[in-house]
Amino acid sequence: MERSRVLLVDAAPGALLGRELERLLGHGLAVTLNLRRVADRAGARADWGGRGGRVDFTDFDPFDEAALLAETVRDGLGHHAVKSRAGVRLRAAFLAGATRPGLSHPLRVIGRAGAGTDHVELAAAARHGVTVTHTPGSNAAAVAEFALAQLLALTRGLRSYDEAAHRGEWLAATAPPKELSELTLGIVGPGRIGLALAGRASALGMEVQAFSRRPAITSAPSAPDLAPASASGPDPTPASAPGPAPRPNGSLPDLLATSDVVSLHLPLTPETRGLIGRAELTLMRPGAILLNTARGGIVDEQALADALRDPAHPLAAAAVDTFEHEHAAFASPLFGLPNALLTPHVAGMTRTAMATAALRCADHIAALLAGRPEGIPVVTA
């Protein structure tokens, strides 16, 4: 029987590439590897093309939508599944083209090695019979640690001290900061990542409260919820941070007004787009800090930039890891602001998190293509 075909739009980086390919091949899948984002292209060809041609290769910009569709349906063959990790846009036109009549292998599954699926037009996927899966929880510990690093960097003013020291200046503290035990952390979206951050912040003495769009906040996910989706070998699993559940706050305005640090951990949906705008930023406690490791569209970046430029605004600083426009289209009104700590969507990129996401995604894709959807996380419109 012919093997199902999978296109790796952007593979796991570095040494993780080999583990991802072995996992997919071990499931009996035929793999086409896009080399564009592979650091050692020659090495990949030698290692995986020279051993009896275990892997096919292509090389295209995955953010070029026309090129993405052309490679997915090349020679009229098509691929049964595509896998991505960097939020490559999979819009209605791509979904229609990748499932069009006449293809030998029309698209059936989209796999995301990560938690979010806002890059996929889910309604179009459903119309064309394409199942969308992802790996919720795979990067919870990594993103929680990163948000904590953002919090510490801004509350202790590490950037200004570092920049002054590199200029040969001895910068004295003019206004000693509060310790973490004196601060309240407000978490907007107490899911896996939010609860992981809550546990770590509580362990450091912070008071933690959370606003949820859903009715109940309980505790961090149990170990089975974060376990690998396949028994084909042990995968690294993010460690949980057990601790008291954050105090529920049923009102977003109240949480904003009573938190010294606000950290966002929500998916980007029509309901959450623009959730934090000018009105919400004005509600924040004087001297407050905003952290965004979720999705750029949740925050109005222009409103955030205007607030950070205004010395009379209650918001003192922000750390932003996700933007409305990323990768080749990266642009933001936050550029150049000294009280904006900007990073290029790297919060979840630890070795453990990326390995967990890549291997779990491979297992999900294989299970769905084999008609075994039980226990596989699937996202619908």
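**Note on buried residues and salt bridges in a predicted model**

1. Arg-23 has a relative accessible area of 10% and is therefore buried. The structure under review is a predicted model. The side chain of Arg-23 forms a salt bridge with that of Asp-363, with an N to O distance of 2.8 Å. This pair links distant parts of the chain, since Arg-23 belongs to helix α1 and Asp-363 to helix α12 (residues 351-369), 340 residues apart. Asp-363 is also buried, at 3% relative accessibility.

2. Helix α1 (residues 16-26) also contains Glu-20. Glu-20 pairs with Lys-83 in a salt bridge whose closest N and O atoms are 2.8 Å apart. Lys-83 lies in strand β4 (residues 81-84), so the bridge ties together parts that are 63 residues apart in sequence. Both partners are buried: Glu-20 has a relative accessible area of 1%, and Lys-83 stands at 3%.

3. The salt bridge between Arg-74 and Glu-71 has an N to O distance of 3.5 Å. Arg-74 is partly exposed, with a relative accessible area of 36%, whereas Glu-71 counts as buried at 18%.

4. Over the whole structure, the search finds 15 salt bridges. Arg-36, Arg-41 and Asp-59 are joined in a network of such bridges.

5. With 11% relative accessibility, His-265 is buried. Its side chain makes a polar contact of 2.7 Å with the side chain of Ser-263. Leaving aside residues up to four places away in sequence, His-265 touches several others, including Ala-147, Ile-187, Leu-197 and Thr-293.

Methods: Residues numbered from 1 in each chain as written. Predicted model: local features only at pLDDT ≥ 70, side-chain atom pairs only at ≥ 80, totals over all residues. Heavy atoms only, no water. Buried < 20%, exposed > 50% of the residue type's maximum accessible area, 1.4 Å probe, protein only. Polar contact = N/O pair within 3.5 Å; in protein donor to acceptor, adjacent residues only side chain to side chain. Contact = heavy atoms within 4.5 Å. Salt bridge = Lys/Arg side-chain N within 4 Å of Asp/Glu carboxyl O. Helix = DSSP H or I, 4+ residues; strand = E, 2+ residues; numbered from the N terminus.
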